[in-house]
Amino acid sequence: MRRCVELARRAVAFTSPNPMVGCVIVKDGKIVVNVGNYVLQGFALRDVGDLVKNVTAYVSLEPCNHYGITLLFTEALIKAKVKRMVVGMVDPNPIVASKGWGGGLYKMRGGGRRQ
C-alpha cells in the first residue's frame with residue numbers, strides 16, 4: 001500500500017478533477033503493474049492481458065464505478081479477472097457513495113472476488 005501512495009503522489013497536478021490514486025498489481029509475489037492514476041490503470045490492465053488474471057490488486061482509493069471523464073477502473077479490474085483487491089480507503093465522493101456502500105467495492109464483490 002505504501003507503494004500505491006508513492007505512485008499517487010507522482011500524479012500531483014495531473015489528475016484534476018479526479019483524485020490521485022496509486023495501484024500495484026502483484027502476481028506470485030512479484031509486481032507486474034504499478035501506475036499512478038485511474039486513466040493509466042485502466043489502460044495498463046487492458047494492455048497486459050492474461051498476465052493479470054488471478055492477481056492481487058492493491059489500490060490506494062476504492063476503484064471508481066461511475067461514468068465521468070475517465071475509464072471505469074472497476075470494470076477494468078473485473079475484465080482483467082483480478083482475484084483479490086486490497087483498498088487503502090473507501091472513496092468519500094458522494095457520487096460513489098450514492099451507488100451503495102463503496103460503489104466500486106460493491107461491484108467488485110458482485111463479481112465473486114475477495115476483498
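## Nonpolar core

A nonpolar core is a set of buried Ala, Val, Leu, Ile, Met, Phe, Trp, Tyr and Cys residues joined through side-chain atoms within 4.5 Å. In this predicted model, the largest such core has 20 residues, and Ile25, Val59, Phe73 and Leu77 touch the most other members. Two or more core residues come from each of β1, β2, β3, α3 (73–79) and α5 (103–110). The largest contribution is that of α3, with three residues.

## The sheet

Four strands form an open sheet in the order β2-β1-β3-β4, and their pairing is mixed. At the edges are β2 (30–35) and β4 (84–87), each of which pairs on one side only. On average, neighbouring strands are turned by 20 degrees against each other, direction ignored.

Strands of a sheet pair through backbone hydrogen bonds, in either a parallel or an antiparallel arrangement. Here β1 and β2 are antiparallel and share five bridges; isoleucine 25 stands opposite valine 33 of β2. By contrast, β3 and β4 run parallel and are joined by four bridges. Valine 59 has valine 87 of β4 as its bridge partner.

## Helix α1 on the sheet

Helix α1 (residues 2–9) packs on this sheet and touches β1 (23–27), β2 and β3. The direction of α1 makes about 140 degrees with that of β1.

Which residues of α1 are buried? They are Cys4, Leu7 and Ala8. These three lie on the same side of α1, because they cover an arc of only 100 degrees around the axis. The buried residues of the helix pack against β1, β2 and β3, while Arg2 and Arg9 are exposed on the other side of α1.

## The turn between β1 and β2

The hairpin of β1 and β2 has two residues between the strands. Aspartate 28 lies in this loop and has a positive phi of about 50 degrees, although it is not a glycine. Most residues other than glycine have a negative phi.

Is aspartate 28 buried or exposed? Its relative accessibility is 72%, so aspartate 28 counts as exposed, the cut-off for that class being over 50%.

Cysteine 23 belongs to strand β1. With a relative accessible area of 2%, cysteine 23 is buried. How far apart in space are cysteine 23 and methionine 1? Their C-alpha atoms are 8.3 Å apart, and the two residues are separated by 22 residues in sequence.

Threonine 56 is in strand β3, which covers residues 56–59. Its relative accessible area is 16%; threonine 56 is therefore buried, since that class takes in values under 20%. Leaving out residues up to four places away in sequence, threonine 56 touches Val24, Ile25, Val26, Arg84 and Val86. Of these contacts, Ile25 is also one of the residues that touch the most other members of the largest nonpolar core.

Note on methods. Residues are numbered from 1 along each chain as its sequence is written. This is a predicted model: local features need pLDDT of at least 70, side-chain atom pairs count only at pLDDT 80 or more; totals for chains, interfaces and linings use all residues. Side-chain values use heavy atoms; hydrogens and water are left out. Buried means under 20% relative accessible area, exposed over 50%, partly exposed in between (1.4 Å probe, protein chains only). Contact means heavy atoms within 4.5 Å. Two strands pair if DSSP finds at least two bridges between them. Axes are lines fitted to C-alpha atoms, for helices over the stretch in contact, and angles run from 0 to 180 degrees between N-to-C directions. The arc is that of the directions from the helix axis to the C-beta atoms.
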